[in-house]
Amino acid sequence: MFQKKPTTIQEQIQKLKDRGLQIIPKDNAEHYLSHISYYRLGEYWYSMQYDKEKHLFKENSRFSDAIALYGFDRELRILLFDVIEKIEISLRTKLIYHLSHESDPWWFANEQLFKNKYELEKTLANLKRELSRSKDPTIKNHRKKHGDDLRFPPAWKSLEQTSFGALSKLYGNLKNTVKAKDKIAEEYGVVNHTFLPSWLQSIAQIRNYCAHHSRLWNRNLPGAPKLLPKPPNPWIVEIENVPRQFQKLYVHLCLMKYLLNTVQPGNTFTNKLDTLFQKYPNVDPDALGMKPNWQNEPLWK
């Protein structure tokens with residue numbers, strides 16, 4: 001049975017010192033540990049330990065470095081959340097527009113358009129819950145005016161209430177014969193439906209990490225997006241199409257940048273990301289899989 005008892009902040013600080021982590025008064029360790037949990041910060045000093053079982057720190061490991069890594073990761077999530085928001089709104093707009101014109105305003109509930117009916121049922125069940133909880137005036141007024149219509153509100157109302165993850169699932173689950181599926185991919189410069197679903201799944205997953213304040217720095221990411229062999233828009237020259245490459249954040253950042261260049265031409269993503277690395281010089285870009293001189297790649301210019 002689990003036997004450990006909770007420790008005070010002072011005991012936590014002493015434990016870290018005993019294990020070799022350098023903590024000095026100006027680090028304000030007590031302040032940080034009273035606002036950021038010991039185990040959350042532990043994700044950032046874990047790599048500083050030479051003995052992971054006994055949690056013993058390498059020489060010259062400093063509490064201030066862990067705080068810097070935490071600060072970098074926090075600002076990175078905020079930056080990516082802003083980028084993903086723009087991609088999400090664009091995807092929602094394109095799905096609603098193209099599918100509503102190709103089919104009808106209730107296309108998202110038409111099982112004839114989807115490959116996996118079970119997955120569609122799960123997506124619609126989640127959407128139904130979101131709509132039932134929604135306080136949005138658009139949904140409330142629709143129910144009031146059309147109470148006898150037992151269908152979902154039309155796509156331009158219903159899908160404004162759903163998540164990026166649900167949107168990516170709807171797109172990926174569309175039958176390949178649905179013309180809008182290729183049309184949307186083409187508009188993003190992703191050629192056709194073969195590639196875009198895995199990109200959206202990757203971005204949706206990272207969005208969830210950002211939304212739940214989970215660590216992105218030095219995280220091994222699951223999944224392997226399909227890369228375009230000959231992208232029609234500016235891309236990157238140096239990249240390895242191997243599984244270990246996809247575990248790092250860099251490739252996923254490239255996917256976001258590629259889509260963002262269509263959604264918001266002239267965006268400042270490159271400058272903001274570069275400025276963030278400059279602000280935190282102790283952060284090793286390799287922990288994110290960044291390539292040397294990544295700023296000079298055609299994609300990032």
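Guide: Start with asparagine 267. Leaving aside neighbours within four places in sequence, asparagine 267 is in contact with Lys257, Leu260 and Asn261. Bear in mind that this model is predicted.

Visitor: Where is asparagine 267 found?

Guide: In the loop between helix H12 (249–263) and helix H13 (269–279).

Visitor: Why is asparagine 267 counted as buried?

Guide: Its relative accessibility is 12%. Buried means under 20%. So asparagine 267 counts as buried.

Visitor: What makes the link between the side chains of asparagine 267 and asparagine 261 a polar contact?

Guide: The distance is 2.9 Å. The cut-off for a pair of N or O atoms is within 3.5 Å. The pair therefore qualifies as a polar contact.

Visitor: Why does arginine 129 count as partly exposed?

Guide: Arginine 129 is in helix H5 (residues 117–133). Its relative accessibility is 42%. Buried is under 20% and exposed is over 50%, with partly exposed in between. So arginine 129 counts as partly exposed.

Visitor: Why is H8 called roughly antiparallel to H10?

Guide: Helix H8 (residues 164–173) and helix H10 (residues 196–211) pack at about 165°, with axes 9 Å apart. Angles over 145 degrees count as roughly antiparallel. H8 is therefore roughly antiparallel to H10. The crossing is left-handed.

Visitor: Which residues of H8 meet H10?

Guide: Phe164, Gly165, Ser168, Tyr171 and Gly172. Their partners in H10 include Leu196, Pro197 and Arg207. The residues of the contact of H8 with H10 divide into seven nonpolar, four polar and one charged.

Definitions and conventions
Residues are numbered from 1 along each chain as its sequence is written. This is a predicted model: local features need pLDDT of at least 70, side-chain atom pairs count only at pLDDT 80 or more; totals for chains, interfaces and linings use all residues. Side-chain values use heavy atoms; hydrogens and water are left out. Axes are lines fitted to C-alpha atoms, for helices over the stretch in contact, and angles run from 0 to 180 degrees between N-to-C directions. Helices (H or I, at least four residues) and strands (E, at least two) are DSSP runs, numbered from the N terminus. Angles under 35 degrees count as roughly parallel, over 145 as roughly antiparallel, 65 to 115 as roughly perpendicular and the rest as oblique. A crossing is left-handed if the near helix is turned anticlockwise from the far one by less than a right angle, and right-handed if clockwise. Contact means heavy atoms within 4.5 Å. Ala, Val, Leu, Ile, Met, Phe, Trp, Tyr, Cys and Pro count as nonpolar, Asp, Glu, Lys and Arg as charged, and the others, Gly among them, as polar. Buried means under 20% relative accessible area, exposed over 50%, partly exposed in between (1.4 Å probe, protein chains only). A polar contact is a pair of N or O atoms within 3.5 Å; within protein, one must be able to donate a hydrogen and the other to accept it, and residues adjacent in sequence count only if both atoms are side-chain atoms.
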